[in-house]
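Let's walk through this chain with an eye on its charged side chains. Have the viewer open and follow along.

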Amino acid sequence: GAQSRRAILVGIDVYNPGPSAQPPAKPAAIQRPKVEGDPSYWQFLDLAGAANDVDLMEGVLRSFGLTDFVILKNQDATADAILSALQKNLVDDAQAGDVRVFYYSGHGNHIKNLASKETGGEDQTIVPADNWRNMPDIRDKEISRILWQAARKGVIVTFIADSCHSGSLSR
């Protein structure tokens with residue numbers, strides 16, 4: 001069939017929701033590595049503009065003819081939701097020649113990785129909206145595994161991260 005074109009857009013402004021806005025945690029669909037240390041070591045201030053960046057990026061992509069979007073904003077952009085959306089849209093539901101765009105706007109971070117051979121021994125990460133629940137950041141290695149699976153299938157992926165510490169996020 002014809003190639004499909006889809007964008008996964010993630011924008012997080014709210015990292016510290018009030019108690020009334022906090023739904024119960026759901027069990028994770030994606031299995032993740034155990035974390036050593038305290039994932040809440042960093043405190044992330046709310047941002048002004050990351051969710052709006054998603055709206056702007058959607059407009060830009062629509063101007064290029066893209067009409068299929070998966071959008072996760074604020075408290076919908078949990079670690080599990082982001083990783084599940086990447087796995088489903090870049091790998092599971094994609095065919096060779098399909099085009100995918102992943103755009104993230106929010107906090108980035110870096111976390112010590114004792115097994116890392118990288119300079120500094122750290123992983124670059126994106127900070128999910130459920131960080132306030134002590135949910136660990138999404139590490140570059142988790143993203144990279146999904147991107148490699150997509151590449152092996154012949155899916156064409158453009159990865160854009162508007163966050164701190166994003167230099168080697170998708171390498």
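## The overall layout

Keep in mind that this is a predicted model. The chain has 3 helices and 7 strands. Reading from the N terminus, the elements go β-α-β-α-β-β-β-β-α-β.

Of the 171 residues in the chain, 42% are buried. As for contacts with a separation of 6 or more, 75% of them join residues 24 or more positions apart.

The model holds 8 salt bridges. One of them pairs aspartate 55 with lysine 73, with 2.5 Å between the closest N and O atoms. Aspartate 55 belongs to helix H1 (residues 50–63) and lysine 73 to strand E2 (residues 69–73), so this pair links distant parts of the chain, 18 residues apart.

Buried or partly exposed: where does aspartate 55 fall? Its relative accessibility is 37%, so aspartate 55 counts as partly exposed. Lysine 73 is partly exposed too, because its relative accessible area is 28% and that class covers values between 20% and 50%.

## Glutamate 58, in the helix as well

Helix H1 also holds glutamate 58. This one is buried, because its relative accessible area is 17% and the cut-off for buried is under 20%. Setting aside neighbours within four places in sequence, glutamate 58 has contacts with Leu9, Phe69 and Ile71.

Now go to the loop between helix H2 (79–92) and strand E3 (99–105), where you'll find aspartate 98. With a relative accessible area of 4%, aspartate 98 is buried. Which residue does aspartate 98 meet in a salt bridge? The partner is arginine 100, at 3.6 Å from N to O. Arginine 100 has 0% relative accessibility, so arginine 100 counts as buried.

The side chain of aspartate 98 comes to 2.9 Å from the backbone nitrogen of serine 4. Not counting residues up to four places away in sequence, aspartate 98 touches Gln3, Ser4, Asp93, Gly154, Val155 and Ile156. Take isoleucine 156 from that list: it sits 58 residues from aspartate 98 in sequence, yet the C-alpha atoms are 6.0 Å apart in space.

Last stop: aspartate 123 and arginine 139, whose side chains form a salt bridge at 2.8 Å, N to O. Why does this pair tie together separate parts of the chain? Aspartate 123 is in strand E5 (residues 122–126) while arginine 139 is in strand E6 (residues 138–139), so the parts being tied are 16 residues apart in sequence.

Both aspartate 123 and arginine 139 are buried.

Note on methods: Residues are numbered from 1 along each chain as its sequence is written. This is a predicted model: local features need pLDDT of at least 70, side-chain atom pairs count only at pLDDT 80 or more; totals for chains, interfaces and linings use all residues. Side-chain values use heavy atoms; hydrogens and water are left out. A salt bridge is a side-chain nitrogen of Lys or Arg within 4 Å of a carboxyl oxygen of Asp or Glu. Helices (H or I, at least four residues) and strands (E, at least two) are DSSP runs, numbered from the N terminus. Buried means under 20% relative accessible area, exposed over 50%, partly exposed in between (1.4 Å probe, protein chains only). Contact means heavy atoms within 4.5 Å. A polar contact is a pair of N or O atoms within 3.5 Å; within protein, one must be able to donate a hydrogen and the other to accept it, and residues adjacent in sequence count only if both atoms are side-chain atoms.
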